[in-house]
Amino acid sequence: MAIKLLIGTETEYGITAKKTDGFDPVSSSLFVINHLRPFSSLRILWDYENEDPLVDARGFIVEGEKERPSQEENFSLNKPLENGGRLYVDGAHPEYSTPECTNPRDIVIYEKAGEMTMQICMDNANRIRKKEDKLYLYKNNTDGKGNSYGYHENYLMLRDTSFERIVQSMTPFLVTRQIYAGSGKVGTDNKADPADYQISQRADFFETLIDLNTMAKRPIINTRDEPHADPKQFRRFHIIVGDANMSEFATYLKVGATALALHMVDNGHFITGLELANPLQAIKAVSRDLTLKKTVRLVNGKDYTPVEIQKAYLEEAYNYFNKLERDPVVYEIMSHWGDTLDKLEKDPCELNTKIDWLIKHELLTTYARKKGENWDNPRLAMMDLQYHDIRPDKGLYYTLMRDGYVTPFVSEGMIFLAKDNPPRDTRAFFRGMCIKRFPKEVYATSWSSVLFDIGNSTIKRVPLQNPLRGTEALVGNFFRESETAEDLLRDLSA
Amino acid sequence: MSSQERERKRTKEKTEKTEEAKPAVVEKGKKIKEDIDDLLDKIDDVLEENAEEFVKNYVQKGGE
């Protein structure tokens, strides 16, 4: 495509057991990911050498300890994947990062592939556990008791783009995109104002506008600036404000629209005139208005609905991208974005097979009406949680999909393929192919390196500093022509 | 005008096409209702037993 985007997402899964007495989330998460088969018999380290999560986008380095697990811990915590992604344990949750992708459709496919990998690990793990110890995983973001776990998006941007401009241009966008990207939630969290049902899982948890923190006093704009690439050339925009979506379409539109907005900012097309008077209050107010008709106040005194704010961004996108060479990926995003906003404005119910918060709301209200139940009935909270259950037979999202109440957006075949094969158009291709072809010789990997141990005394590091290199077009031949890892390293250095 | 006469008058005003469509519409409405009943039964089947207990015990460590 003509427009270069570089995107990846990270998903932390909620974890519990049938019987919670004695349940330990850390050891259970490790138990799950170490049941990756047949691949977990192979041991590949995660290379922490280039990791620097304490660099702040505002231009300073925060004090703190870097993560440096021992070798055995490292093996146990990390499963670099054949698809170029990473399966790991972060704190008390199993987590999956997609490989680097260049478009939102690939993000959907690789995110769902990760969900499938996670589900297979869970099934393998549960085969050898007693009934009451069986583990359950949820792709959601809250336990409904004030604890949240994240879904993070990462977009590569140019170092030259001013962070202040990103904040100014993106805050109103990030506050309002929940109208199509929210996953829906029964009740409230974190001592926020009461609500029976709200649009976003995460809105209640945001307490500040800008900060490096992700675990407490969460900011709408996160400043982690760890590009996993040449920092002189690139910066990373790390978005923590979003919900994890079950819906393929919602994931696509969330990431697609965000990528277009950021691409404009990255090319000097700043979006002004939409700054919110109170973003922290607005994010919670928008989440509580299921009619989408209530307005939020802008700094300039005007009152806009969240749909109007999103439409203003879409209009900017049409103006900007119409002047460039026509890119079908971009036009597909704008077309779905426009169609979705029109429906959200006229009749949001029309999207009740495509957008998570509307699918879930339809399910819960139909059920409550039929059974004569109220919002405070625990069965509705159970359905909310079980909507995110990743088991195909028990998860309500998958139950609804089988009966035609959820519209798929990508094909199942593509998801299967993406489970064990890297995308071709980023450095994830090189990383994934090395693991696939030479699993015994790959000593360690990271986002920006692959390290080989081919039996002699030194470890050879292949740097992957540019995320847009290492592609099939650039290195595919090396994999076709190299029979051994030694051949590959020799050909690469030739 | 009796309700029967009203009904006859309304029927006369309708085109042949809608006359034909009518049973299908009724059929479709019935089908959707049955589908939803089926779906809700299915959900009762897959929903974790003892929802109250399960939801109460679902406590996570904050992550990220």
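## Strands of chain A

Strands β7(A) and β8(A), the latter covering residues 93–97, pair in the antiparallel sense over five bridges. One of the pairings is that of Leu87(A), whose bridge partner in β8(A) is Tyr96(A). The model described here is a predicted one.

Strand β7(A) also has a partner in β6(A), residues 78–80. Three bridges join these two strands, which run antiparallel. Among the residues involved, Pro80(A) has Arg86(A) of β7(A) as its bridge partner. Again the strands form a hairpin, here with five residues between them. In the turn of this hairpin sits Gly84(A), with a positive phi of about 90°. As for covering, strand β7(A), residues 86–90, is mostly covered, and four of its five residues are buried.

## Two crossing helices

Two packed helices are described by the angle between their axes and the distance between the axes. For helix α3(A), residues 104–127, and helix α6(A), residues 248–266, the axes come within 8 Å and cross at roughly 135°. Because of that angle, α3(A) counts as oblique to α6(A). The crossing of α3(A) past α6(A) is right-handed.

Which residues of α3(A) meet α6(A)? On the α3(A) side they are Pro104(A), Arg105(A), Ile107(A), Val108(A), Glu111(A) and Lys112(A). The residues they meet in α6(A) are Glu248(A), Thr251(A), Tyr252(A), Val255(A), Gly256(A) and Ala259(A). Sorted by class, this contact has six nonpolar, two polar and four charged residues.

## An exposed loop residue

Asn322(A) lies in the loop between α8(A), residues 306–321, and α9(A), residues 328–346. Is Asn322(A) buried or exposed? Asn322(A) is exposed, because 11 other C-beta atoms lie within 10 Å, and a residue counts as exposed if that number is 12 or fewer.

Asn322(A) and Phe479(A) are 157 residues apart along the chain. Their C-alpha atoms are separated by 39 Å.

## Where chain B touches chain A

How many residues of chain B are in contact with chain A? On the chain B side there are 20 residues, in contact with 32 residues of chain A. Helices α2(B), residues 16–46, and α3(B), residues 51–57, each supply at least two residues of the side of chain B that touches chain A. The most comes from α2(B), with six residues.

By class, the residues on this side of chain B divide into 11 nonpolar, four polar and five charged.

How values were computed: Residues numbered from 1 in each chain as written. Chains lettered and ligands numbered in written order. Predicted model: local features only at pLDDT ≥ 70, side-chain atom pairs only at ≥ 80, totals over all residues. Contact = placed C-beta atoms within 7 Å. Nonpolar A, V, L, I, M, F, W, Y, C, P; charged D, E, K, R; others polar. Buried ≥ 20, exposed ≤ 12 C-beta atoms within 10 Å, placed from the backbone. Pairing = 2+ DSSP bridges. Axes fitted to C-alpha atoms, helices over the stretch in contact; angles between N-to-C directions. Parallel < 35°, antiparallel > 145°, perpendicular 65-115°, else oblique. Left-handed = near helix turned anticlockwise from the far one by under 90°.
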